[in-house]
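Reader: I have a structure open and would like to learn how to read it. Could you take me through some features one at a time?

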Protein chains: 2
Amino acid sequence: MDSPQFRQAAHAAIDQSDNGQSSTTTTTSAPPGYLRELIPPGIPEDGESWENIQRDIEAKIMPGLTHWQSPNFLAFFPANSSYPGILGDLYSGAFTCAAFNWQCSPAVTELETIVLDNVARLINLPEEYHSAGEGGGVIQGTASEAIVVAVVAARDRAIAQSKEIWATQNLTEDEIEDRVCTLRGKLVALGSDQAHSSTKKAAMIAGIRFQTISTVMGEYSLTGAQVTHKLEDLHARGLVPFYLTTTLGTTPTCATDDFASISTALLAYHTAHPTAPKIWTHVDAAYAGAALILPEYQHIPLLFPSFADSFDFNMHKWLLTNFDCSCMYVRRRRDLTDALSITPAYLRNEYSDSGLVTDYRDWQVPLGRRFRSLKAWFVTRSYGVQGLRAHVRKALDGAAAFTQLVRADTVRFELVAEPAFALNVVRVRPPPGVVGQLEGGEAGAGFARRCNEVTKKVADRVNKEGKIFITPTVLGHGEESITAIRVVGAAPGVQVADLENAFRIISETVDAVWAEETAVEEATVELQAV
Amino acid sequence: MDSPQFRQAAHAAIDQSDNGQSSTTTTTSAPPGYLRELIPPGIPEDGESWENIQRDIEAKIMPGLTHWQSPNFLAFFPANSSYPGILGDLYSGAFTCAAFNWQCSPAVTELETIVLDNVARLINLPEEYHSAGEGGGVIQGTASEAIVVAVVAARDRAIAQSKEIWATQNLTEDEIEDRVCTLRGKLVALGSDQAHSSTKKAAMIAGIRFQTISTVMGEYSLTGAQVTHKLEDLHARGLVPFYLTTTLGTTPTCATDDFASISTALLAYHTAHPTAPKIWTHVDAAYAGAALILPEYQHIPLLFPSFADSFDFNMHKWLLTNFDCSCMYVRRRRDLTDALSITPAYLRNEYSDSGLVTDYRDWQVPLGRRFRSLKAWFVTRSYGVQGLRAHVRKALDGAAAFTQLVRADTVRFELVAEPAFALNVVRVRPPPGVVGQLEGGEAGAGFARRCNEVTKKVADRVNKEGKIFITPTVLGHGEESITAIRVVGAAPGVQVADLENAFRIISETVDAVWAEETAVEEATVELQAV
């Protein structure tokens, strides 16, 4: 491919990418293995023309894509794309390098520090987490990587704290090593039963135990009392809690943990057990953190310095920055570099040695890095504070309209959690005729079971029809579990009308499922009568 | 930014990115902190025009970039960019999603499997590592992430193997838990002193010990005898080796470990100690793996099935695919998913449950993923097998010319390692007049010390002048250490003439440094005479 061919191909790609921003289709009907049928194996001996390749993108790749930018994409959490976001990745590609240290390309490191300080101010994150002091921010690929980094740093800090105590106790090196091994086996990372599963995965990677703290069904937010109970229970059993993921906007229901009471609980625990390792508390705001740009949420981060060692939110979810751009902040960057820094000869240079520059590789799992701050810089400057706020508000407005429709339709629906951060979580009621016949009525286990069955059927059918894309989820476990539908519309183009349309589609599907249920019910009754 | 503005801005970015491909400048003179001086803090209240932003890219960002695509970039290892590679990332941005499972966008998962099987055939990786059997490939961000994944999977496999044995021994659950803790404390991950430092970092992340195996100075490749010695020594001391990084093309000198004898050594160890956990052996071919596309190297991977559980190489180094695209292959994908899979309710779906689809999140550290296989697909199709081979050969030819010039200039230079995979590692000799005056002549410690001093001065001055960019490195430790200059030219546009030019620049710098050294020397002699 020569230069004119590249420019032509790139311009066509730009046009296609622009058209994609306004697509309203969302799911794909491609069955598992569809692509293997379409693409012959192997690499051609001689290069192919771009026309061939481009034809395949349209004919073979695009039919297998889910369109996350569609206003009808209401599943999972969003993965916003935007014009300045795309441009950021375009320049990042043009400036390709493997920026594993400052010297690799000074602009990559320096812009990241500047942009993350700006974003910290945008979400009202206190000075403790800015780069001017002992803290600072770093762009991770995903919120799950941020949690791995936090868990590993927390584990090493906990061990280091215990070692400091043992150092005063006249132990041999072997005895200390032995105690470290025993301690590792007792360390417990914690998260509520609503926290993202990536805390469990991070604990697996770090090679330590993980336990959940149960929240109350219907509330779903972790409280200080629950934390205290778990910490004291573990301590009494000789185990050593050292890490806790708290959440601002949980994945199942967007619940927010009770930071104030958790902060008090942690303080009380450490006062009662002064030699226990300090518990590293992480605030996972992967999705909902974007809402902190709105004045009405800006009191929340003011609490963080009283308990939070680290905080993370994804600009690539609800803040118009193409995947991936996860902004992680720590109160003490030394905690990260103590756990993750190694500097062999071929990575040494006068700049890193001088301590004047940041080598972000020591703040993350991988060595190499891309120039991800460019897209965050373009997005924040292009939209400005007001433009970003307007985008976040639009999703909140759509969700509020959806909530209102659900609340008005008590025959079909029930909200299973308080709507928050543009997420509605609803379950579908059984056909009205059926409810009266169930043992115990609405209070009985039969009713709950029927709700779960009907909700699952509705969710599956809505997704199969593919006009909109929603996520079925399960809250709680066993007999008490609740099957529900998550609806969150926060794509850049989403409007109130799109959420109203989604409500209509779901309602119609409920009617269709009900009709079938009732027909089966009647057939069964008739059969039993015969 | 509206659609026409976006198209205009994107087209300008394309032009800029095209121009960047032919730039010959490489280093930047930006001092630490340069960007903070240029960019006012904060995000504007209202959005800015793209003109403003674009002006800043040129005026503030570009002066702080190191140009990795320049033919004068001879440092580290390359990070190739290419037209089809840039297009791949452009489409990936256009199709933005967070593809953490198959359902998120089926094409993302399916193309990755197809492309990695194609690449496996391209580098002659045996069937054991293809997806049709029990193995398969996955795109990681970096070779260092691949090593983290391998170490974690290896650790969990080692523990599982021991647990299986303990399960037959009538132990209580507490006793088994206790043994697991003890075992964790004894597990040792291994790599040679030439293996990349990311094995040590991976061990830190996984929370287990790391030890190096020493190679012989001047040879730098790990042998079976060295492996046997280390394994038996650890075993005798009650420690449990469970993982080994072997290298095809080490970072300091591009040495390749002796796979055949290592394979024999591992077999002998397991025969002698049948209950010891099976040692997971990883082949790290991060840079040099690209050379496996050439027929003359294709016998190498045929050895892998006899010992290698995993293999990784970066298409983003020497194979024209923009950073990041690290191709990792395993012999048994279950080993990865056993260690990294968790599936909460909101990630469950009929496709994943059916086992018909691959959820690559269970093969890696992060949850979300980008559509990275697109660029590898574009690159392999656009260049074809012959085009890729021609690119790799061009770097080998340039390096061979450089080697010849070094070998011909025995007054100024010495090769400190056998040139391999387009990498030359040389040291600079002291001024000829000085050598005779040193105690012990060329065999003495004084000579080696002077070589190190002169080499460091030459490397620093070459980089400060900035016409070319090279990496100084240190081989070995303490008294025996050798300071050397690494020269590797494998940018897409590099030609034999560029390496000849680099040799000329380095030679001229040697002359300048020699002249200064001699002047100082003479002044000292005169001073002593007075």
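Reader: How many salt bridges does the rule find across the interface of chain A and chain B?

Author: A salt bridge here is a side-chain nitrogen of Lys or Arg within 4 Å of a carboxyl oxygen of Asp or Glu. In this predicted model, the rule finds 12 of them across the interface of chain A and chain B. One to look at joins the side chains of Glu48(A) and Arg381(B), with 2.8 Å from N to O.

Reader: How many residues does the contact take from chain A and from chain B?

Author: Chain A gives 142 residues and chain B gives 142 residues. Between them the two chains bury about 12,200 Å², and 65% of that is on carbon and sulfur atoms.

Reader: Which residues does a cis peptide bond join in chain A?

Author: Start with the general idea: most peptide bonds are trans. In chain A, Phe323(A) and Asp324(A) are joined by a cis bond, with omega about 10 degrees. Asp324(A) sits in the loop between helix H11 (315-318) and strand S7 (326-330) of chain A. In chain B, a cis bond joins Phe323(B) and Asp324(B), with omega about 15 degrees. The loop between helix H11 (315-318) and strand S7 (326-330) of chain B holds Asp324(B).

Reader: What is phi of Phe76(B), near how many degrees?

Author: Most residues other than glycine have a negative phi. Phe76(B) has a positive one, near 40 degrees. Look for Phe76(B) in the loop between helix H3 (50-61) and helix H4 (83-94) of chain B.

Reader: Which residues form a negative surface patch?

Author: Asp and Glu count as negative. The patch consists of Glu173(A), Asp174(A), Glu175(A) and Asp178(A). Of these, Asp178(A) belongs to helix H7 (residues 173-186) of chain A.

How values were computed. Residues numbered from 1 in each chain as written. Chains lettered and ligands numbered in written order. Predicted model: local features only at pLDDT ≥ 70, side-chain atom pairs only at ≥ 80, totals over all residues. Heavy atoms only, no water. Patch = residues over 30% accessible without salt bridge, like charges linked within 9 Å, V, L, I, M, F, W, Y side chains within 5 Å. Areas by Shrake-Rupley, 256 points an atom, 1.4 Å probe, with all protein chains shown as cover. Charge placed at Lys NZ, Arg CZ, Asp CG, Glu CD. Helix = DSSP H or I, 4+ residues; strand = E, 2+ residues; numbered from the N terminus. Contact = heavy atoms within 4.5 Å. Buried area = accessible area lost by both parts, 1.4 Å probe.
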